[in-house]
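Open the model in your viewer and keep the sequence panel beside it. The stops below say what to select and what is there.

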Amino acid sequence: MSEDVVKAMVSIASYVEKVSNEIDKESVTRFLKILTSALANKRKILVVGAGRSGLVGKAFAMRLMHLGFNVYVVGETITPSISEGDVLVAVSGSGSTQIVLSVASAAKRAKAQVVAVTSFAESPLAKISDHVVVVPGRTKVATETDYFARQVLGMYEPLAPLGTLFEDSVMIFFDGVIYALMNILGVGEEDMKKRHANVEFV
């Protein structure tokens with residue numbers, strides 16, 4: 001059984017590497033500019049996602065906080081309202097998750113800038129967003145769920161259930177964004193440690 005674990009890990013890692021070469025570099029550059037502009041202009045950044053995408057979004061928000069961004073996670077009790085000029089980062093593999101769509105629509109009404117991170121460029125979320133970063137990944141809306149059937153059809157996706165590939169890929173993508181921001185802002189790990197939680201459960 002341990003071989004299955006290793007096999008899955010290698011398969012998923014190989015897929016994430018493939019995805020890294022498929023993400024449009026210009027869309028990433030614009031995303032970085034949106035984030036750095038928000039920091040420079042003292043604007044808030046809100047992050048939203050549902051389920052596993054929400055957990056990945058929270059991890060990204062934490063790292064943005066370590067870099068000095070004014071960032072919040074939608075749904076937390078201390079999250080303030082979004083205002084004109086603020087940025088909403090909306091994470092949804094399908095781009096059709098209703099709660100994420102509702103939040104994005106509200107942000108648009110408030111004249112905030114909405115960035116969609118999704119696998120589907122023509123999804124409802126992408127269509128209402130100001131900027132879209134497409135991160136390929138089999139989401140839970142994929143039509144063929146059987147692994148071997150996908151291989152026969154030429155859908156070479158790793159051994160991962162439901163929408164896992166999207167979240168795995170986005171997690172690594174966001175870590176790459178953080179690395180790029182560290183270089184752009186001239187921030188090192190020592191600087192980030194100063195903002196790291198120091199009142200944690202032991």
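Contact here means heavy atoms within 4.5 Å. This is a predicted model.

**Stop 1: the whole chain**

Show the chain as a cartoon. It has eight helices and five strands. Read from the N terminus, the elements run α-α-β-α-β-β-α-β-α-β-α-α-α. Of the 202 residues in the chain, 42% are buried. Among contacts between residues at least 6 apart in sequence, 72% join residues at least 24 apart.

**Stop 2: helix H1**

Select residues 2-20, which are helix H1. How far apart are its end C-alpha atoms? They are 27 Å apart, which agrees with the 27 Å that 19 residues should span at 1.5 Å a residue.

Now show the side chains of Ala 8, Ser 11, Ile 12, Tyr 15, Val 16 and Val 19, the buried residues of H1. They cover an arc of only 135 degrees around the axis, so they sit on the same side of H1. An α-helix has 3.6 residues a turn, so residues three or four places apart point the same way.

Turn the view to the face of H1 that points away from its buried side. The exposed residues there are Glu 3, Met 9, Val 10 and Glu 17.

Which helix should you select next?

**Stop 3: the aromatic rings**

The structure holds four aromatic pairs; two of them are visited here. Select Phe 31 and Phe 60. Their rings form a tilted pair, 6.3 Å centre to centre, with 40 degrees between the planes. Phe 31 lies in helix H2 (residues 25-40) and Phe 60 in helix H3 (residues 51-66), so the pair links distant parts of the chain, 29 residues apart.

Phe 31, Phe 60, Phe 173 and Phe 174 form one aromatic cluster.

Definitions and conventions
Residues numbered from 1 in each chain as written. Predicted model: local features only at pLDDT ≥ 70, side-chain atom pairs only at ≥ 80, totals over all residues. Heavy atoms only, no water. Helix = DSSP H or I, 4+ residues; strand = E, 2+ residues; numbered from the N terminus. Expected span 1.5 Å × (residues − 1). Buried < 20%, exposed > 50% of the residue type's maximum accessible area, 1.4 Å probe, protein only. Arc of directions from axis to C-beta. Phe/Tyr/Trp six-rings, centres within 6.5 Å; stacked < 30°, edge-to-face > 60°.
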